[in-house]
Structures are given as C-alpha cells and as structure tokens.
Amino acid sequence: MMIPAIDLINGQVVRLFQGDYGQKTEYQFTPQERQQAYFNAGANVMHFVDLDGAKDSAKRQLETLKTLVNFDGMIIQVGGGVRCEEDVVQLLELGADRVVIGSLAIKQPELVSQWLQKFGGEKIVLALDLKIDEHGNKTLPTHGWIEDSGVVLEDLLAQYQNAGIKHVLCTDISKDGTLSGSNVELYSELCQEYPDIAWQASGGIGSLDDIKALIPTGVSGVILGKSLLEGKFTLEEAIACWPNA
C-alpha cells in the first residue's frame, strides 16, 4: 500500500534533505489540503512527522495534529519526539491510530517493549533509520542521524520479537530525499528474515519504476514523501501499480 508522508514545521508542509533542518524545502499548501487530496486519490494510511516536536516535545504541534489525525476513513500514524509514555498517550488520545517511535526505540528498547505490550502492536510503529557500512552491517544512528548508537538492527529486533512488534518503518539513510531509488536488496532481506513484521519501505522513491521494484520484496507499505510533493508521479498512478491496491 502507498503511504503518503508529510513533515510539519509550524503547521507547514516541509521536507528536509537527509534529516538536515538546514536543508529545508517549504511547500505552498496546507497539510489539511494535502491530506484531503491524498484521501481523494485513494490513500487510506498517512504518515505525519512533527519536526517541531522532534526537536522539543513541549513544542508539539497539537492543534495542527488534532485536525489531521481525526480524519474518517484513514489510518493515521504520527511521529516526532516521542520520549515518554505520556507522549504516546497524548497522541493516542488526540486521535492518532499509531504512534511512531524512533530514537527511543533504539536507546530504550525495554521501555518501548513495555509500551508495545501495554498498547498493542497495532498502536506502535518503530521508525528505524539504517546506516549500512562497507561490510554490510546495519547500524542505527539516532537523533537526526547524528549520534552513533552502536546498535545493529538484528540485535535490536531480537529484543522486540517477544513484545509483539507488528509495524516497522525502515529508512536507508543514504537514500532519503534523493529520489534515486530505494534499497530493494535490503527490504527483500528484511521481509524474508522477519516475515511477521509489516515493513514500511522509506527513502529514495523517485519514480513509478522505483515503486514497482519493491513489489517482489514483500514490504507491506511504501512511504511516499518528496516524490509526491514534487510531482514525480501522482498518488493514483502509484496506487495503480501496486498489487491488491
């Protein structure tokens, strides 16, 4: 399935290049307008990232998010600076269907595993950003890809297997925002090794051929951000080329 993604700063639709706040593009439409357009085009899941909340959870864009998460007919997942259980509860009570957890999932897997067991696997999405070295090791940087956590993907997933993890959004950092194609080999490997996880592929989609290349991998969803915002193809076209759309 196609999952349109919107990043938000101060209630505006933006895109960062490879997570860099200094390389920001602003778009001239509201997130509400874009959400409605995506819904009209056939999307039934959307992904929002609160970049203000990611920097400072006290500055979470609650008023904007409230208008976006309470949208009939769509499953809404929201991330950005989830650092404690109160943040998870706040977003769920606001109306989000799923809460996306990034750096904390890497730094405190025991805590996030408790949330998975408490709220259920359908309510939590792990957002794991991978840096793949020359030896093929899949390491997991944190905090906007600045800090090296020293954690590798396989070790982390082993800690979540018994906690009921169902959804993982996985980004190859080297592909993010590049429109140069996604890491097909990576997603094929992950889907084969962890078939019980619904993988969301993220980063690098620049054409319909890039989407089609992911079909054999077994991913459950494809995150579409910059490619849709910059009109590389329409959401209708993307949905049409995916099986069982």
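Visitor: Which elements do the buried residues of H6 pack against?

Guide: In this predicted model, they pack against helix H4 (85–94), strand S6 (98–101), helix H5 (103–107), strand S7 (124–132) and helix H7 (153–160), where contact means heavy atoms within 4.5 Å. Helices (H or I, at least four residues) and strands (E, at least two) are DSSP runs, numbered from the N terminus.

Visitor: And which residues of H6 are buried?

Guide: In H6, which covers residues 109–119, they are Pro-109, Val-112, Ser-113, Trp-115 and Leu-116; buried means under 20% relative accessible area, exposed over 50% and partly exposed in between, with a 1.4 Å probe and protein chains only. They lie on the same side of H6 because they cover an arc of only 155° around the axis, taken from the directions from the helix axis to the C-beta atoms.

Visitor: What does the face turned away from that buried side carry?

Guide: That face of H6 carries the exposed residues Glu-110, Gln-117 and Lys-118, and the helix is followed by Gly-120, whose phi is positive, near 100°.

Visitor: Changing topic, how many helices and strands does the protein have?

Guide: There are 11 helices and 11 strands, and 51% of the 245 residues count as buried. Along its principal axes, the C-alpha trace spans about 40 × 40 × 35 Å.

Visitor: What should I know about the numbering and the model?

Guide: Residues are numbered from 1 along each chain as its sequence is written. Local features need pLDDT of at least 70 and side-chain atom pairs count only at pLDDT 80 or more, while totals for chains, interfaces and linings use all residues, and side-chain values use heavy atoms, leaving out hydrogens and water.
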